[in-house]
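Have the model open beside you as you read.

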Amino acid sequence: DHVCDSRGRFSYSFAPSFGSTCGEYLSIRRCRHAAMLLTNSSASLIEISMNCGFGSIRTFYRSFKHVYGMTPTQYLSARAADGPDRIRGLPAAPAP
């Protein structure tokens, strides 16, 4: 409807439209992409974290755990144990 003339105004109008802050939205999107790469590529965790825009492996682990309730390593183990179509008890990542 209107052009945001400041970063603050953009952030203020973003949350009601998308249901999360800009930072939360980006983190969810990055983690969803990382989850896809974890299951569909042979890239290392470091490569995946960097390819998804995380500045460090620590930030990647923290964000992934916040979104999925488990670390990327636990996610991979759960995928291996339950098969490719289902992870027991894993909530879907919030829709961005």
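## Helix packing around α4

In this predicted model, the axes of helices α2 and α4 cross at roughly 95° and come within 9 Å. That angle makes α2 roughly perpendicular to α4. On the α2 side, the contact is made by Ser27, Ile28, Cys31, Arg32, Ala34, Ala35 and Leu38, and they meet Phe60, Ser63, Phe64, Val67 and Tyr68 of α4. By class, the residues of this contact divide into 9 nonpolar, 2 polar and 1 charged.

Helix α4, residues 57-68, also packs against α5, residues 72-82; their axes come within 9 Å and cross at roughly 50°. Here α4 is oblique to α5. From α4, the residues Phe60, Tyr61, Phe64 and Tyr68 take part, and from α5 their partners are Pro72, Thr73 and Tyr75. This contact of α4 with α5 has 6 nonpolar residues, 1 polar residue and no charged ones.

The two pairings can be set side by side:

| Helix pair | Axes come within | Crossing angle |
|---|---|---|
| α2 and α4 | 9 Å | roughly 95° |
| α4 and α5 | 9 Å | roughly 50° |

## The two sides of α5

Which residues of α5 are buried? They include Pro72, Tyr75 and Ala78. These residues cover an arc of only 115° around the axis, so they lie on the same side of α5. As a general point, an α-helix has 3.6 residues a turn, so residues three or four places apart point the same way. The cover over the buried residues of α5 includes α2 (22-40), α3 and α4. Turn to the face of α5 that points away from its buried side, and you will find the exposed residues Ala80 and Ala81.

Helix α3 spans residues 45-51 and contains Ser49. Is Ser49 buried or exposed? With a relative accessible area of 0%, Ser49 is buried, since the cut-off for that is under 20%. Leaving aside residues up to four places away in sequence, Ser49 touches Phe54, Ile57 and Phe60. Phe60 is also one of the α4 residues that meet α5, and it takes part in the contact with α2 as well.

If you are thinking about cysteines, the structure holds 0 disulfides. Cys52 is in no disulfide, and the nearest cysteine sulfur, that of Cys31, is 8.2 Å away. Cys52 has a relative accessible area of 7% and is therefore buried. Its neighbour in that distance, Cys31, is among the α2 residues in contact with α4.

Key
Residues are numbered from 1 along each chain as its sequence is written. This is a predicted model: local features need pLDDT of at least 70, side-chain atom pairs count only at pLDDT 80 or more; totals for chains, interfaces and linings use all residues. Side-chain values use heavy atoms; hydrogens and water are left out. Axes are lines fitted to C-alpha atoms, for helices over the stretch in contact, and angles run from 0 to 180 degrees between N-to-C directions. Helices (H or I, at least four residues) and strands (E, at least two) are DSSP runs, numbered from the N terminus. Angles under 35 degrees count as roughly parallel, over 145 as roughly antiparallel, 65 to 115 as roughly perpendicular and the rest as oblique. Contact means heavy atoms within 4.5 Å. Ala, Val, Leu, Ile, Met, Phe, Trp, Tyr, Cys and Pro count as nonpolar, Asp, Glu, Lys and Arg as charged, and the others, Gly among them, as polar. A disulfide is a pair of cysteine sulfur atoms within 2.5 Å. Buried means under 20% relative accessible area, exposed over 50%, partly exposed in between (1.4 Å probe, protein chains only). The arc is that of the directions from the helix axis to the C-beta atoms.
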